[in-house]
Amino acid sequence: MIGKLVKGNNFTKCLNYVLNKQGATLIGGNMAGENPSELSGEFSICHFLNQRVTKPVCHISLSLPQRDHLDDRTWCEIAGRYLQAMGFTRNQYIVARHTDTTHDHVHIVASRVRLDGTCVQDSWDYKRTQQVLSQIEAEYRLTPTRADRERRAPTTGQMRRYRKEQVNYANGKRYQPPELPVIRQLQRLIDDNTRDCPTLTQLVSRLQQSDVTVRPAMTAEGEVMGISFGLNGINFPGYKLGNAYSLPGLQNYRGVEWDAKRDVVALSPISYTNSESIAGQPDSVQQQF
């Protein structure tokens with residue numbers, strides 16, 4: 001989910017854009033008005049409570065990837081969750097749905113002045129928006145979009161070599177098609193296997209079927225503090241693949257469910273298959289099982 005937040009000083013202008021666009025529908029909010037004129041009057045009354053606020057208008061757009069679609073009720077619920085998390089606790093707001101693009105999206109117009117005259121703080125609002133939307137994506141099982149910016153790219157040398165091999169293969173100078181750098185292969189395998197927000201145990205099982213090794217980073221007390229992935233003998237700590245692939249990142253950006261008690265077997269330092277016994281293994285491993 002992509003969120004854009006803009007602050008301004010003209011409720012009428014903002015409401016005319018949001019509500020008068022072709023196909024726009026007012027689907028929710030906590031106000032009585034039904035058109036830009038009525039709503040602008042209500043917003044102005046609240047603004048009078050704190051006229052020191054020079055930009056009382058907060059205009060937020062929330063947009064989904066093309067594959068996702070929500071009904072009006074769910075959109076209103078998400079809008080309320082977002083506003084609450086951003087500090088809009090006693091504020092006027094409306095939610096409008098637009099159909100002018102292929103992406104399912106809504107617009108929120110909210111007053112930054114609360115009903116008690118205080119103002120919603122706007123420090124670090126962009127960063128906080130991304131954090132809130134990442135949590136919403138995971139909770140509502142939406143396709144993660146922010147993770148694309150949390151993916152580490154292959155090095156310039158790796159991509160240069162890959163493109164050269166592509167040209168050689170196309171010109172018949174190479175018999176086998178080139179393989180993507182391992183870092184990109186691992187990212188794609190993890191992306192493909194986390195689309196349905198699996199548990200960590202399910203993810204590890206799926207990756208192992210693609211010959212990916214998954215190992216934990218353990219503290220001296222035996223607690224899991226991180227995760228690493230390997231393919232073709234090349235290993236990367238999760239965070240080296242990007243923020244979305246560390247243990248916390250898998251939860252925040254990919255919706256992977258991690259429970260220390262349930263998933264400790266999947267993250268055992270030693271991999272077991274079928275019904276292989278753990279007898280004879282080190283005490284620390286047996287204790288984890």
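These are my notebook entries on one predicted protein chain.

**Ground rules**

I'm working from a predicted model, so I take local features only at pLDDT of at least 70 and side-chain atom pairs only at pLDDT 80 or more, while totals for chains, interfaces and linings use all residues. Residue numbers start from 1 along each chain as its sequence is written, and side-chain values use heavy atoms, with hydrogens and water left out.

**Entry 1: the whole chain**

I began with the secondary structure and got eleven helices and eight strands. Helices here are DSSP runs of H or I with at least four residues, strands are runs of E with at least two, and both are numbered from the N terminus.

Next I looked up burial: 45% of the 289 residues are buried. Buried means under 20% relative accessible area, exposed means over 50%, and partly exposed is in between, with a 1.4 Å probe and protein chains only.

The accessible surface came to about 16200 Å², and 48% of that belongs to carbon and sulfur atoms. That area is from the Shrake-Rupley method with a 1.4 Å probe; for residues, only the protein chains shown count as cover.

I also checked contacts (heavy atoms within 4.5 Å). Of those between residues at least 6 apart in sequence, 65% join residues at least 24 apart.

**Entry 2: the five-stranded sheet**

I traced an open, antiparallel sheet of five strands in the order β1-β3-β5-β4-β2. Two strands pair if DSSP finds at least two bridges between them. At the edges I found β1 (2-8) and β2 (25-29), each pairing on one side only. Neighbouring strands are turned by 20° against each other on average, direction ignored.

I zoomed in on β1 and β3 (residues 57-63): they run antiparallel and are joined by seven bridges. Lys7, for one, has Cys58 in β3 as its bridge partner.

Then I asked which helices lie across this sheet. Helix α3 (residues 72-85) lies across β1, β2, β3, β4 and β5, at about 40° to β5. Helix α2 lies across β4 (93-98) and β5 (105-111), also running at about 40° to β5. For these angles, axes are lines fitted to C-alpha atoms, for helices over the stretch in contact, and angles run from 0 to 180 degrees between N-to-C directions.

**Entry 3: Ile27**

I picked Ile27, which sits in strand β2. Ile27 is buried, at a relative accessible area of 19%. Leaving out residues up to four places away in sequence, I listed what Ile27 touches: Asp72, Trp75, Cys76, Val95, Ala96, Arg97 and Val106.

**Entry 4: one aromatic pair**

I searched for aromatic pairs next. Rings of Phe, Tyr and Trp (its six-membered ring) pair if their centres lie within 6.5 Å; planes under 30 degrees apart count as stacked, over 60 as edge-to-face and the rest as tilted. By that rule I count one pair. It's Phe11 with Phe43, stacked, at 4.4 Å centre to centre and 0° between the planes. The pair links distant parts of the chain: Phe11 is in helix α1 (residues 11-20) and Phe43 in helix α2 (residues 36-47), 32 residues apart. Are the two buried or exposed? Phe11 is buried at 6%, and Phe43 is buried at 0%.

**Entry 5: the three-stranded sheet**

I found another open sheet, three strands in the order β6-β7-β8, with antiparallel pairing. β6 and β8 each have a single partner strand, so one side of each is left without a neighbour in the sheet. The twist averages 30° from one strand to the next. Between β6 and β7 I get six bridges, and Ala217 has Gly226 in β7 as its bridge partner.

In α7 I noted the buried residues Leu200, Leu203, Val204 and Leu207. They cover an arc of only 100° around the axis, so they lie on the same side of α7. The arc is that of the directions from the helix axis to the C-beta atoms. The cover over them includes α6 (182-192), β6, β7, α9 (247-254) and α10 (260-263).

After α7 comes Asp211, with a positive phi near 65°. Asp211 is in the loop between α7 (200-209) and β6 (213-218), and is exposed at 61%.

Asn232 also has a positive phi, about 55°, although it is not a glycine. I placed Asn232 in the loop between β7 (224-231) and β8 (234-237), where it is exposed at 56%.
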